[in-house]
Amino acid sequence: MSISTSSLPPTDCADGASCNPSRRALLLATAGAGGAMVVGAAVPFVGSLTPSERAMAAGAPVEVDIDKLAPGDMMVVEWRGKPVWILRRTPGMLAALAKAEPHLADPASTVEAQQPEYARNLQRSRRPDVFVAVGICTHLGCSPSSAFQPGNPALGADWPGGFLCPCHGSTFDFAGRVFRNKPAPTNLEVPPHAYLSDTRLIIGADSPV
Ligand code: FES
């Protein structure tokens with residue numbers, strides 16, 4: 001497993017707990033045509049943008065090339081100032097979803113605001129192998145870290161793999177569903193997203209734009 005990153009400034013949790021800045025790291029995606037915001041090395045400093053460019057940067061959909069995202073790898077892109085995870089799940093990660101289910105607070109994703117309708121399924125995604133989620137804990141806004149290894153000693157021998165929020169210990173499965181009796185009140189948010197092709201994803205739109 002690898003996670004592609006580049007550093008962002010430190011961000012504190014809302015309750016004053018310190019969030020590890022490395023966990024806020026983002027890989028800035030290369031965006032394409034169609035009016036999507038271009039992020040990454042080519043992005044001009046926001047102060048140099050015109051008002052309309054700033055509006056686009058704040059809310060425009062982001063196109064992402066996932067061609068090189070191998071099974072087990074995760075990349076992070078920025079959309080509306082938030083980190084969005086794109087995880088290509090392995091067959092083992094997909095199998096872990098069913099294993100986690102009895103221990104989840106909301107396995108059926110009943111809180112409608114947390115995902116589009118097309119992501120209200122076991123995988124919480126449009127494509128079983130690709131999981132897209134906003135990487136911000138629904139408790140107080142820390143950025144959860146990967147805890148992909150099943151049986152992680154810190155999380156117990158029956159840990160199926162997923163994500164751990166370092167601030168207050170909320171845990172999430174490979175579909176961003178929160179485990180029971182944790183501070184986070186809901187599953188992680190799945191943003192609107194769509195596929196432009198097998199290898200190009202758009203974040204922030206429900207259909208190709
Ligand atoms: S911010 Fe409190 S558990 Fe994540």
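Reader: Why is Phe179 called buried?

Author: Buried means under 20% relative accessible area, exposed over 50%, partly exposed in between (1.4 Å probe, protein chains only). Phe179 has 8% relative accessibility, so it counts as buried. This is a predicted model: local features need pLDDT of at least 70, side-chain atom pairs count only at pLDDT 80 or more, and totals for chains, interfaces and linings use all residues. Side-chain values use heavy atoms, without hydrogens and water, and residues are numbered from 1 along each chain as its sequence is written.

Reader: What makes Trp159 buried?

Author: Its relative accessibility is 4%, so Trp159 counts as buried.

Reader: How many aromatic pairs are there?

Author: Rings of Phe, Tyr and Trp (its six-membered ring) pair if their centres lie within 6.5 Å; planes under 30 degrees apart count as stacked, over 60 as edge-to-face and the rest as tilted. By this rule there are 4 aromatic pairs.

Reader: Why is the pair of Trp85 and Phe163 called stacked?

Author: The ring centres of Trp85 and Phe163 are 4.2 Å apart and the planes stand at 15°, so the pair is stacked. Trp85 and Phe163 are both buried.

Reader: Why is the pair of Trp159 and Phe179 called tilted?

Author: The centres of Trp159 and Phe179 lie 5.3 Å apart with planes at 40°, so this pair is tilted.

Reader: What makes Arg126 a charge over the ring of Tyr118?

Author: A charge sits over a ring if NZ of Lys or CZ of Arg is within 6 Å of the ring centre and within 35 degrees of the ring normal. The charged end of Arg126 is 3.7 Å from the centre of the Tyr118 ring and sits over it.
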